[in-house]
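Welcome! Here are some exercises to work through with the structure beside you, each followed by a solution in steps.

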Amino acid sequence: MRRTRHGNSKGLGRVAGFALLGLLTLGVHAESLAQEETEPSAEREQEISFISDDGTGMRIARTPSAGPTGEWWLPALDFANSRYSQLDQVSKENVQNLEVVTTWSTGINHGHEGQPLVVGNTMYVVTPFPNYLLAFDMTKPGYALKWKFEPHPDPTAVGKACCDLVNRGAAYADGKVIYNTLDNHVVAVNAETGELAWMTKVGSADEGETMTMAPIIVKDKVLVGNSGGELGVRGWLKALDLQTGEVQWIAYNTGPDEETLMTSPDFKPYYAKDQGEDLGVKSWPPEQWKLGGSTVWGWVSYDPELDLIYYGTGNPGVWNPDLRPGANKWSLSIIARDPETGQARWAYQLVPHDAWDYDEIMENILVDMPWKGEMRKLLIHPGRTGFMYVLDRETGELLSADKYHPHTNWASGYDLDTGLPKVNEAKRTHMGQETYDICPSSTGAKEVFPSAISPRTGLVYIPAHNYCMNFQGIEANYIAGTPTLGPIQ
C-alpha cells in the first residue's frame, strides 16, 4: 500500500479525465456546506424517520446512516436509493447565480461513475482503475487535497473488464470509507488519516471476475457484488464484517438452493413460475449454471422496517439464448434477502430466458405511497427492458409494468396474474438468424446511471436513452477469464 499526502492539488493530474465542480449560490460559503460529523451508534441506526409530502402521499425512510442533512454517506444518499436531497438553497430564482468554486482533474481517462461522498467537511472521490481514493478539505481554498490512498490493484484485471475500468463509488460508516477495486478487493480506509484499515480479496480476475459496483453498509455488514457476466463467471452477493473485513455469507444467484440461500421456510416467491426446488440448477442445461452470469454490478437497497435488502441481477451467460434453454434463474431477477443471514425472502424473475442482454442491475427505489386507495410499501425498478416495474416489496407481487421507453417492442406488456412478459416472438433472438430492429438495444432503455425520486413532486427522474439493435446469436466456447458471448450486434 502507499498513501501520499499533499497540501494542495498543484502538479497533480494534468490529463483531462474528471473535474470536481463545487457550485455555490451567492452568499453561501464552503464552510456551511457540511455540518459537524455525527456518527450513528448501533442504537441510533435503528431510528427511522420519514421524508414525506402530504400532496403526493409519498414517504421515504431515512436512518442516521444517511448522515446529517447536507452530507452524503451512502452511494444513493439513503437506503431507499432515492437520491433525494432536502437542501433548498438553490432554487429556480437563483440558479443563474451559481459559480464554479474549484475544479480538479484525476488525470485518468476512464469512466467516473461514482458519486462523491461528503462527510463533515471532507469530500471523498474514488477514481477508475487504479482506484485511488482522494480526500478533499472543503474548508480550504480550492478544496485542497488532504490525502490520496493508492490500493495498487493487480493490472491483469484491466484485461478482464468488459466495459471500461469504471468504479461506482464508496460508502462511509464507522469512521471508514469503503469501496471496491477492479481486481476484486474490498478496501476500508480510515476516513481521517487515509490509512488502510483492512483489505479483503473476494473474487478472482483469473476467472474473469472484476468489481465495479459501490458497496452498501447495512448495520455491521458490507454488501458487495461481482461483475463479469460476459466472461462466464457466476454472480454473487457477499457480506463482509464492517470491523474486520471477514466474509460473513455468500449468496450465489445461480445454482442449488443451498448456495443461493433459498432454503429458509420464509422464502416465498409470489408467482408460481418462481416457486420450486433448485430452480437455479433445473432452469439451465447441465452445468451451465456454473457459468451463468447473473452478476450484481449495480445498486443495493435496504428497508430498515422490514429488515430486507433488495438487488437486481445481470444477464445470463452466454448471450446466445439457444445455448442455454430454460428460464435461467436467477438471472434478470429482483431478490429480497435478510441482511443478517443472506437468506432469501422472495425472488421475482423479470425476464425468463433473456435473449437481449437486458441486465436488470438497475436501482430499486423504495417508497411508501397510496396504490389504488391503499398505502403500500413499493419497490420501483426502472428496467433496462424499457418497462417501469412497480412491486410490493413485502411480497414480490408485480403491481404494474408499463413502458417508459416508447419504442419498446421485445414485449407488449406483462401479465400481472402470472408475472410473465408478453414476448413478441418476432423479436426474440436466435443462433444463425439475424433479428432486426429490437428495442431497446442491449444497452437498455437506461444504463446503470441511476434514477432519483422526489416525494415533493411525486416524480421519478430517469436518465433514459433511445437505442435499438439488430442481433444474431453465434456459437460460443468457454475459456476461463475470456469473453464468452455468442452474439453479433
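**Exercise 1: the second largest cavity**

The lining of the second largest cavity is made up of seven nonpolar, one polar and two charged residues. Your task: which residues line the second largest cavity?

Solution. Start with the ground rules: this is a predicted model, where local features need pLDDT of at least 70 and side-chain atom pairs count only at pLDDT 80 or more, while totals for chains, interfaces and linings use all residues. Residues are numbered from 1 along each chain as its sequence is written, and side-chain values use heavy atoms, leaving out hydrogens and water.

Next, the terms. On a 1 Å grid over the protein atoms alone, a cavity is a set of points where a 1.4 Å probe fits but cannot get out; a pocket is an open set with protein on both sides within 12 Å along at least five of seven lines; lining residues have an atom within 4 Å of a point. Ala, Val, Leu, Ile, Met, Phe, Trp, Tyr, Cys and Pro count as nonpolar, Asp, Glu, Lys and Arg as charged, and the others, Gly among them, as polar.

Now the list: the lining consists of Pro 75, Ala 76, Asp 78, Asn 81, Arg 83, Ala 214, Pro 215, Ile 216, Trp 299 and Val 300. The space inside is about 70 Å³ (a volume is the space filled by probe spheres set on the points, with grid points joined across faces, edges and corners).

**Exercise 2: the largest cavity**

How many cavities of 30 Å³ or more does a search of the whole structure find, and which residues are closest to the centre of the largest?

Solution. The search finds four. The largest holds about 80 Å³ of space. Among its 15 lining residues, Ala 61, Asp 303, Pro 304, Leu 366 and Arg 393 are closest to the centre. Two or more lining residues come from each of β4 (59-62), β20 (300-303) and β24 (365-371) (strands are DSSP runs of E, at least two residues, numbered from the N terminus). By class, nine are nonpolar, none polar and six charged.

**Exercise 3: a four-stranded sheet**

In what order do the strands of the open sheet of four lie?

Solution. The order is β12-β13-β14-β15, paired antiparallel (two strands pair if DSSP finds at least two bridges between them). At the edges, β12 (171-173) and β15 (196-201) each pair on one side only. Inside, β13 (residues 176-180) and β14 (residues 185-190) share five bridges, and Asn 180 has Val 186 of β14 as its bridge partner.
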